[in-house]
Amino acid sequence: MQHRELTVHPLVLFGAFFSVPGFAMFLMHPLCLLLSFCGAAWCLACLGGKEALFQAGRFALPAALLAAVLNVLFNHRGATILFYLPGGNPCTLESLCYGAAAGLLLLGVLLWFSCCTKVLTTEHFTYLFSRVSPATALLFSMTLRFLPQFHRRFQQVRQAQTTPAGLPAKLKSAFASFGAVLAWALEHAGDTADSMNARGYGMRGRTTFSIYRKTSRDRMLLFGLLVLAGSALCACVTGLFRFSYAPRLLADAPTPQHICAFFVYALLCAYPVMILKLEDRPWRCSKSTV
Amino acid sequence: MKKTLSFFLAALLCVLLFGCALQTPITLGEEHLLPSDGIVSEATLSALKTQRKVLTLRGTADGFDYTWTLFGEEIETPKDCNFSLRSIKANKKTITLKFASKEPFGFSPLLTLFLPQRLHADVAAVYRASVQESNFVCAASVTVGDSGGAVSFAVDDPTGTYVIVPQKTQAEFAAPAEEDADDAPSVSAEPTATAAQENTTAPAVTVAAATTREVQRTSAAKTTTPATTAKQPTAKTTAPAAAPVTTTTTTTTAPASESAAKGGECTFSVECATIFQHLDALAPGKLDALPSDGVILAAQSVSFSAGESVFDVLQRVCRENKIPMEASFVPLYHSAYVEGIHNLYEFDCGEGSGWMYRVNGWYPNYGCSRYMLKDGDTVEFRYTCDLGADVGGRNDYTIDDSID
């Protein structure tokens, strides 16, 4: 299910959908992990419903579990020994928890990035970066587009062909299609570059048309995001999100500052969803009047 | 899918939120000079306790420097404590300490005493009032500081006089605590032996070599190894320490041969007192793993069966005492490499830090799973912060390399 095009300014979208995974990547406090995971899951559910959640979870969950299990095999730090591995090294509660936390972190970040791909289109990227670095922006948008396009074209080529019987013949035909799609992709990339060049893309003094307009709502959203991200960063620097996994599981005893910091982080994780809800409001209002 | 997800989340929540203690990790407080009267107020100590900090106090008495290391969480009832030392007297055999405090501290802070010269000793025994077996308090660990030697031990009760007796190896010293005290030389006889050796103005290296040879001879006599070891001419100062050399012509420093390995008893200990001199270099969070007296496993007698190496015994002892220990096999050395004991790992206290092992006062230059134990061996695992130099393990390399 494709979410319809958002009217929010790309800068707000980019800021929200990249700063939150940025925090989620580095904060290992279990509460932070939980908040980030919940925010990501909620956001993905808003964007694509249950199917999107399941689709992302199908790959992300095994990856997270694998990370958790592998950590126990290689990390033996920790004071609470549960049992001994065949190699003679201990398996500790702390390494188990660390593995679980790393798995949850991976899960959260993967979900956040699947939200990103749903919200931010290549058009957003070219708009944001074409003025800073046109070549990079074009390369980036083409790269982002490459895999989905490749997949789509492969399906198209396969549909146009009759499937021969027998596995060797099938494989041969698949390889032939693959080669064709690869050649197509290369040719298309060259064409795109030539075409953009012919239109004078990236030349000095050339202006680009964009449909985006910064409204007061966007400014408010951007300001809110800056305040939240800034205070979360301050909390990180002052060590409010500190959590020790080894040698013992230790969290700071909660103080009012800690509660504030976690509240700010919760708001930050909910910010993308807030943007999406704000976007939906006029739609819902106009729908009800019809 | 949904079920799996919710189960995963629930399990994680349970483990993390209920499994962890809501406590601030132990942090390092700044180093202070001991006030002139030596009194640390109750307010300071109770702040130390609530903030779970580690405080280092630096003082001087009779020309000796000393430091106290106080673990805030060890303090039970904070009260005014006098940490100054009234007098420190050192002669060739003993160091005598008198504390200013008239009453017990209520906890056991670690005292590190810095000496102007390196001690020609591997370990020191601490006695109350006089050097007698019944007055034995604890073992102090001997390390090498920046300017000389250092002796550190935890002081439980500062009343009365403390006598520190430096000793050559732990084999003799550990005897009082054990049943077979008559088997080993008695403690009171030990200082005279050290005095006899220190009369000669030989450098530290040769003295160390002489003692290791002596230990070797006694252990060789006990285990009835081939007489080649005992017959070594005394002029040869480069004794290969604990490993009995059966063939003197071999150039490689081969670990003890199978013939020497018999089951028996050995003294085993694990300590990390040298970290207290480099607390500022310790990796964050590791203060929680650091024992407040620097002793992870006090010297104890461990029996072993034939063919067991130092590593086998370490692994067994750590399992029995529930001490986490991580090791890996290094094919290059064909031996196990001890990465960390009690969550103190290599590189945790500076670039040159890690675990070393010493047998009868000598640091073997090969891995601990290649050292086959002999009856009566004293095995110590010691943490170093400076590639062995601070625990007296560097000179031994040069001794051993010159074996012919």
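**A buried strand residue and a helix pair**

Val295(B) counts as buried, because 21 C-beta neighbours lie inside 10 Å and the cut-off for burial is 20 or more. The model is predicted. Val295(B) belongs to strand E15 of chain B, which covers residues 295-304.

Chain B as a whole was examined next. Its fold contains 20 strands and seven helices. The chain has 404 residues, and 45% of them count as buried. Contacts in chain B with a separation of 6 or more were also considered. Of these, 73% join residues 24 or more positions apart.

Helix H1 of chain A spans residues 10-26, and helix H3 of chain A spans residues 93-119. Their axes come within 9 Å. The crossing angle is roughly 170°. H1(A) and H3(A) are therefore roughly antiparallel to each other, since angles over 145 degrees fall in that class.

On the H1(A) side, the contact is made by Leu13(A), Phe17(A), Val20(A), Pro21(A), Ala24(A) and Met25(A). These meet residues of H3(A), among them Leu105(A), Gly108(A), Trp112(A), Phe113(A) and Cys116(A). Val109(A), Cys115(A) and Val119(A) of H3(A) also take part. By class, the contact of H1(A) with H3(A) has 13 nonpolar residues and one polar residue. No charged residues are present in this contact.

Technical notes. Residues are numbered from 1 along each chain as its sequence is written. Chains are lettered from A and ligands numbered from 1 in the order in which they are written. This is a predicted model: local features need pLDDT of at least 70, side-chain atom pairs count only at pLDDT 80 or more; totals for chains, interfaces and linings use all residues. Axes are lines fitted to C-alpha atoms, for helices over the stretch in contact, and angles run from 0 to 180 degrees between N-to-C directions. Helices (H or I, at least four residues) and strands (E, at least two) are DSSP runs, numbered from the N terminus. Angles under 35 degrees count as roughly parallel, over 145 as roughly antiparallel, 65 to 115 as roughly perpendicular and the rest as oblique. Two residues are in contact if their C-beta atoms, placed from the backbone, lie within 7 Å. Ala, Val, Leu, Ile, Met, Phe, Trp, Tyr, Cys and Pro count as nonpolar, Asp, Glu, Lys and Arg as charged, and the others, Gly among them, as polar. A residue is buried if 20 or more other C-beta atoms lie within 10 Å of its own, exposed if 12 or fewer, and partly exposed in between; C-beta atoms are placed from the backbone.
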